[in-house]
Amino acid sequence: MTVALINASPKVKGSSSGILLNDLKECLGNKVDVEEICLRTSKITAEIIEKLKKADTWVVAFPLYVDSLPSHLLACLKQLEKMTWKKPNLNIYGIANCGFYEGNQAEPALNVLKNWCAKAGCAYKGSLGIGGGGAIAVSGNMSGKNSLRANIYKAMKKFADRIVKKEGEANKYATVAFPRFIYKIAAQNSWRKMIKANGGKTKDLNKRLDVELTDTSVNKRIVYEQ
Amino acid sequence: MKLIVTDIEDFDFKIEGEHKVINPQGNIKHCIGCFGCWAKTPGECVIHDGYERTSLDMGLCDEMIIVSECYYGTVSPFVKAAQDRAISYVQGDFIIKNGEMHHKHRYPNTIKLSAHFYGEDITEDEKKTAKDIIEGNAENFHGEFNGVYFYKSKDELKGLKL
Ligand SMILES: Cc1cc2nc3c(=O)[nH]c(=O)nc-3n(C[C@H](O)[C@H](O)[C@H](O)COP(=O)(O)O)c2cc1C
């Protein structure tokens, strides 16, 4: 049995999708053969097709973009829908990771993948929706088992077992192994670090293109939940 | 101002009042996930191909209307690329709203968001997904959901008044 691990993050390196697929690969162990594929542009190349053809199961890992799939992945899926070499009853699993803490915010996007399966004649077998993607991205050199990905790794192990058995199940959701308020603060700090590294100032983060920076009345008017 | 984002190249529908149309004018580049629009050149995408300031258009509009081919319950790659390249309509910082995580406002306006989807065989599941996604977008933009509508073809759209 051959499983195609498809990384559909547009990032060249360091994607959370890639880290999650590595965890999955580890969980799959030597029970299956694996084809690793990157979909970073809007075009399905002949080389990608050759790799996809070998697999009887595809796992599509992607970042949640504006509650949906990244645009280049939609373009790729359209091309793949029409391609007739796909095995009948090809098994499709998804891994959607999102910047928000709650993995279930990826549910509508996973339904897009499910709807694609219906049109493309593939068998949708259920997915993982994973929150806290920003933290996953900086945890690449930690082992999945006992790091901030511990909860996700547990879900991944079960997911891998289902893939090997070609079993289907409802989507499962998981998130990083620390509280939401810490994730929120960590994100806040990382934007401040990044803008400074880029030669800007913290206050640039709320820059509007239509007014002077000194007008912060917008932000003062809005009271957020804690 | 009404902001129309559509994949229709020869878009010539009747639009009442002040408006701006964003539609394919040469190739649009897709988002590369760099977050430069939040923490390098805040409010603006780092890829300069004519589509880098859509988030400002969003900041200036009171209504955003998507007119798109339906792709499995979501918008087409052109409309999606325009959307992905415009996430700096909000800031990177997180906030909590109705118990869920979302992003902080950058602009003070409230967008009424609707979407008109066309396509030959849009399934009931796709319609449901499309509604969920556009509702999710409205929530994430701190806007108001203003409906999703479905058409069997581009031709059927012709009578549409926006
Ligand atoms: C254009 C764009 C849109 C995004 N939209 C969302 C979103 O709607 N919800 C969310 O939770 N995260 C969103 N994110 C955050 C990504 O899903 C998150 O950073 C993810 O971990 C990236 O995964 P990757 O490293 O595999 O590309 C968005 C990111 C970008 C660049």
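Author: We'll take the ligand site, then the domains and the confidence scores. Keep in mind that this is a predicted model.

Reader: Which residues come nearest to the ligand?
Author: S9(A), S16(A), S17(A), L64(A) and N97(A). They belong to a set of 20 residues around the ligand.

Reader: Why is the site called shared between chains?
Author: Because the residues surrounding the ligand come from chains A and B.

Reader: What does the side chain of S9(A) do there?
Author: An N or O atom in that side chain is 2.6 Å from a ligand oxygen.

Reader: And S16(A), what part of it lies 2.8 Å from a ligand oxygen?
Author: A backbone N or O atom.

Reader: Which residue has a polar backbone atom 3.0 Å from a ligand nitrogen?
Author: G99(A).

Reader: How much of the ligand's accessible area does the protein cover?
Author: 95% of it. On its own, the ligand has 650 Å².

Reader: Where does the ligand sit?
Author: In the largest pocket.

Reader: How do the shell residues divide: nonpolar, polar, charged?
Author: The shell around the ligand has 9 nonpolar, 8 polar and 3 charged residues.

Reader: Switching topic. How is chain A divided?
Author: Domain 1 covers 2-178, and domain 2 covers 181-225.

Reader: How far apart are their C-alpha centres?
Author: For these two domains of chain A, 32 Å.

Reader: Now confidence. What is the mean pLDDT of chain B?
Author: 96, with 100% of the residues of chain B at 70 or more.

Reader: And what does the predictor give the complex?
Author: An ipTM of 0.98 and a pTM of 0.97.

Notes: Residues numbered from 1 in each chain as written. Chains lettered and ligands numbered in written order. Predicted model: local features only at pLDDT ≥ 70, side-chain atom pairs only at ≥ 80, totals over all residues. Heavy atoms only, no water. Near = heavy atom within 4 Å. Polar contact = N/O pair within 3.5 Å; in protein donor to acceptor, adjacent residues only side chain to side chain. Areas by Shrake-Rupley, 256 points an atom, 1.4 Å probe, with all protein chains shown as cover. 1 Å grid on protein atoms, 1.4 Å probe; cavity = no way out; pocket = protein on both sides within 12 Å on 5 of 7 lines; lining within 4 Å. Sits in = over half its atoms within 2 Å of the grid points. Nonpolar A, V, L, I, M, F, W, Y, C, P; charged D, E, K, R; others polar. Domains from an automatic or database assignment. pLDDT = per-residue confidence, 0-100.
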